[in-house]
Amino acid sequence: MPNSQDLSHKVAIVGASETAEVGNLPDRSMLQLHAEAALLALEDAGLTVDDVDGVATAGPTPAQLTEYLNIMPHWIDGTSVGGGSFLMHVGHAVAAIQAGYCNTVLVTHGESGRSQVGVGGRAPGPATIAGQFEAPYGVWGPPSMFSVPIVRHMHEYGTTEEQMAEIAVATRKWAELNPRAMMRDPITVDDVLNSRMIAWPLHLLNCCLVTDGGGALVLVGEDRANDFPKDPVWVLGRGETSAHTLISQMKDMTEWTAAVQTGKDAFEMAGMTHSDIQHAMFYDAFTHVPMYALEALGFVKPGEGGPYFAEGHTAPGGDFPMNTNGGGLSYTHTGMYGMFAIMESVTQLRGEAGERQLDDLHTSMVHAPAGMFSGTSTLILGNE
Amino acid sequence: MAYNKALPQATPETQEFWDGLKRHELRIQKCVDCDKFYFFPRPFCPLEGCSSSNVTWETVSGKGKLHTYVISHRGFGPWAEDTPYVIAVVELDEGPRMMTNIVNVEPEPENLPADMPVEIVYADVTDEVTLPHFQPAN
């Protein structure tokens, strides 16, 4: 049996691009956002659609994408489990390329989350598990479900609304440095706490944006990794899992148990430990989500997440820069934001992050939920 | 006015849960091998490593504790007129947790401390469906 460490540093991201713009894009359908990002990522790698022999996507089916791009690849992955799907695609692509199923993998994301152009609906039917055991109680989307565990964290650990507001403030400071970010005006803890109540303890500014946009990646094996215009960004570690769908069935409301596992798997594959990670992209659908990630991935002890963010470690100038594009909270959040989290790690590891560029950066961890604290994926990327 | 919110539709595996509520009984399943209750219904034990089909339906107390919750200040469709309302997870005295609404209490955080004792309220929302709501225990 091969060891996961054998697959570390074997496959690299050699092409990466977001759509030319992100934000409010009513002139482009969901599928066109995929295609736009795909073509830009291929151009970034000096490739064309004809070079692609592996395709992974979430949202639309792989068939919808291959039809739209008019290609017939040798390997597909349609894992579509929410925002972290694209992290999983990267992990799957590593194995597929190493297995020889394909040589050049294209991973795409596009979502018309804000403008809702060319999108399908997806309400749970009344006989599904969610339709029977959560929908009848008036849940209406992630702000009313992903948020349910927070009170338990507050009760067990003394986590405060102010600490969670600090997460929004720190992330906004990064957005101020990103000219593409939707929300760039400075905010304070009071601004967060005084913003409109959504689902206590969530206020409006504890919640991510809803935008339009896309992104795509091109991956190849190590034999070709240095043959492209940009330096390779290596996939060093990955982890993924799937647990529950119902937030009410989360086993421990204070711990993102799925992330405990995916973090360990990613560290093991990369042969790394916490002190090796210089930069973090922890999916911030809501302010408490990166707090749960920080604890579950083992960067702080359970219950220490709130104070850690309040101390400014993750903000510009801090010793553990996180969500440096401005995050889902202030940069962009199309719906399945995971692609943008990967994209910022790639941008930083390539040294292309402009005013927000980190110095001497060689490693980055990307972490995203797929569903609400349920399916989960972790990546470790590096540039050496 | 007719009830116009989302209603559950039972499957063969969950029928007894919904039928029980209709009779104002909270019926959940217990694994005979593990001697533990579980939720949501399925014809095998989901507790770690078990998978036994040696399971029974039991009528339980309907008493528990408020485990965690949000107070929703937004509501879609017919829920809009109910805001703010409490979407909660209660932990039954028998162990399992389930989602519910907390009713008969002003929806303010100070009225809803974690671990507050709660008891079931059988909400006959239509002729066919009774939902398990909870209220602060007397």
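Student: Two strands pair if DSSP finds at least two bridges between them. Before we use that, what kind of model is this?

Tutor: This is a predicted model, in which local features need pLDDT of at least 70 and side-chain atom pairs count only at pLDDT 80 or more, while totals for chains, interfaces and linings use all residues. Residues are numbered from 1 along each chain as its sequence is written, and chains are lettered from A and ligands numbered from 1 in the order in which they are written.

Student: OK, which residue is the bridge partner of A:Trp200 in β4(B)?

Tutor: A:Trp200 has B:Ile71 as its bridge partner there. The strand names come from DSSP runs numbered from the N terminus, with helices being H or I runs of at least four residues and strands being E runs of at least two. Strand β5 (residues 197–200) of chain A pairs with β4(B) in the antiparallel sense, over 2 bridges.

Student: Which residues other than glycine have a positive phi, then?

Tutor: Among them are A:His9, with phi near 60°, and B:Asp35, with phi near 55°. A:His9 is in the segment before β1 of chain A, whereas B:Asp35 is in the loop between β1 (26–31) and β2 of chain B.

Student: Are those two buried or exposed?

Tutor: A residue is buried if 20 or more other C-beta atoms, placed from the backbone, lie within 10 Å of its own, exposed if 12 or fewer do, and partly exposed in between. A:His9 counts as buried because it has 20 C-beta neighbours inside 10 Å, while B:Asp35 is exposed because it has 7 other C-beta atoms within 10 Å.

Student: Back to the two chains: how many residues of each are in contact?

Tutor: Contact here asks that the C-beta atoms of two residues, placed from the backbone, lie within 7 Å; by that rule 30 residues of chain B are in contact with 26 residues of chain A. On the side of chain B that touches chain A, β4 (63–72), β5 (85–92) and β6 (97–102) of chain B each supply at least two residues, and β4(B) gives the most, with 6 residues.

Student: New topic: in what order do the strands of the open sheet in chain A run?

Tutor: The 9 strands follow the order β3-β2-β4-β7-β1-β8-β11-β10-β9, and the pairing is mixed. Because β3 (75–77) and β9 (280–282) of chain A stand at the edges with a single partner strand each, one side of each has no neighbour in the sheet.

Student: Which strands pair with β4(A), and in what sense?

Tutor: β2(A) runs parallel to β4(A), joined by 4 bridges, and in β4(A) the partner of A:Gly54 is A:Val105. β7(A) is antiparallel to β4(A) over 8 bridges, with A:Ser112 facing A:Asp212 as its bridge partner. β4(A) is also mostly covered, since 8 of its 8 residues are buried: A:Val105, A:Val107, A:His109 and A:Glu111 lie on one side, and A:Leu106, A:Thr108, A:Gly110 and A:Ser112 on the other.

Student: Which strands does helix α1 lie across?

Tutor: Helix α1 (residues 30–44) of chain A lies across β1, β2 (54–57), β4 (105–112) and β7 of chain A, at about 140° to β4(A). Such angles run from 0 to 180 degrees between N-to-C directions, with axes being lines fitted to C-alpha atoms, for helices over the stretch in contact.

Student: At what angle do α1(A) and α2(A) pack?

Tutor: They pack at about 65°, with their axes 10 Å apart. The contact is made by A:Leu31, A:His34, A:Ala35 and A:Ala38 of α1(A) and by A:Gln64, A:Leu65, A:Tyr68 and A:Leu69 of α2(A).

Student: Last one: which residues does A:Leu217 touch?

Tutor: Leaving out residues up to four places away in sequence, A:Leu217 touches A:Ile13, A:Gly15, A:Ala16, A:Ala41, A:Val90, A:Val107 and A:Ile342.
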